[in-house]
Amino acid sequence: MTERVTKAADEVKLIVFACEAGMGSSLMGANQLKRMVKKAKLDIAVVHNPVGQLSDDADVVVVHKGLAKQAQQKAPGAAIVPFTLFVNDPAVKQLVASLTSGDPIVSKL
Amino acid sequence: MSAVVDDGLGGVLMPADIVLGCRADSRDEAIEFSGSLLVARGSVSAEYVEGMKQREEVVSTYLGNGVALPHGVLESKDHIRSTGIVVSQYPDGVDWGPGTAHLVVGLAAVGDDHVQVLSRLAEVLQDEDLCGALAQSDDAAFVYERLTAPPSDD
């Protein structure tokens, strides 16, 4: 059992929203998250990518729970935030809340 | 209503790509219909439709508020000829697994031509009342207009 990746809030500069093809769902998710990050006035980049093309430059990877293990293998240094709902998922809201209040982001895997 | 000549969307979603009042007994049937629309508009070859079905087995494309966004798996991208978006409306709904889909947005995308429409769709999704109206509307011009309104900048 290895330690879970933990990122201090001010370490988070890049959030990658990942899905299978990087075509539709992750774009939708990334757009929503961008909006939330902007509203919270956080200086964090949000991009979207297919899970197979993740790299370790991501600080946080937001990914559907069905693809979370694959995401962790591709980006072992990132905190993984799995979600189940593409709209208004509590895990995504919590992520933005933690970043806003300066709480560390702990990987769920 | 005058014909839209240049909608600024690069032709990825045209009024003719919206089909209201559809019925399907299953998710796969609805995906096959969306796929056939994408084939008919020349965006994909028939193989892509299989990729759309496969994708649902990996992670469902049900987004919430009655909207699903079926599209192919990564490897089916080879079967895309040009970016296209097709919208089929199911007033009675289709069981999509995590939820009941009323608005099925079939997507095939290469490059970033689809970003503007999906950004708008992300906004529509946040609006439960609007999603409900789009699910039942019999006015294709209204549906097209709501789905293609420029994304707000707030």
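Modeller: Before we start, one rule: two strands count as paired if DSSP finds at least two bridges between them. Also, this is a predicted model.

Biologist: Okay, then what makes strand 4 of chain B and strand 5 of chain B a pair?

Modeller: Eight bridges join them, in the antiparallel sense. The cut-off is at least two bridges, so strand 4 and strand 5 of chain B count as paired. For one example, Ser88(B) has Val104(B) in strand 5 of chain B as its bridge partner. These two strands also make a hairpin, with four residues between them. In that turn, Gly97(B) has a positive phi of about 90°.

Biologist: And how do you know that strand 3 of chain B pairs with strand 5 of chain B?

Modeller: Here there are two bridges, and the strands run parallel. At least two are needed, so strand 3 and strand 5 of chain B pass as a pair. Ala68(B) sits opposite Val104(B) in strand 5 of chain B. Strand 3 of chain B (residues 67-68) also pairs with strand 2 of chain B, over two bridges in the antiparallel sense. There, Gly64(B) stands opposite Val67(B).

Biologist: Which strands of chain B stand at the edges, and why?

Modeller: The open sheet of chain B has five strands in the order 1-4-5-3-2, with mixed pairing. Strand 1 (18-19) and strand 2 (62-64) of chain B each have a single partner strand, so one side of each has no neighbour in the sheet. Helix 4 (residues 128-136) of chain B packs on this sheet, touching strand 3, strand 4 and strand 5 of chain B.

Biologist: Why is strand 5 of chain B called largely enclosed?

Modeller: A residue is buried if 20 or more other C-beta atoms lie within 10 Å of its own. Eight of the nine residues of strand 5 of chain B are buried, so the rest of the structure largely encloses this strand.

Biologist: What do you call the arrangement of helix 3 and helix 5 of chain B, and why?

Modeller: Helix 3 (residues 115-125) and helix 5 (residues 140-148) of chain B pack at an angle of about 100°, with axes 7 Å apart. Angles of 65 to 115 degrees count as roughly perpendicular, so helix 3 of chain B is roughly perpendicular to helix 5 of chain B.

Biologist: Which residues meet there?

Modeller: Val117(B), Arg120(B), Leu121(B) and Val124(B) in helix 3 of chain B meet Arg146(B), Leu147(B) and Thr148(B) in helix 5 of chain B. By class, that contact has four nonpolar, one polar and two charged residues.

Key:
Residues numbered from 1 in each chain as written. Chains lettered and ligands numbered in written order. Predicted model: local features only at pLDDT ≥ 70, side-chain atom pairs only at ≥ 80, totals over all residues. Contact = placed C-beta atoms within 7 Å. Axes fitted to C-alpha atoms, helices over the stretch in contact; angles between N-to-C directions. Parallel < 35°, antiparallel > 145°, perpendicular 65-115°, else oblique. Nonpolar A, V, L, I, M, F, W, Y, C, P; charged D, E, K, R; others polar. Buried ≥ 20, exposed ≤ 12 C-beta atoms within 10 Å, placed from the backbone.
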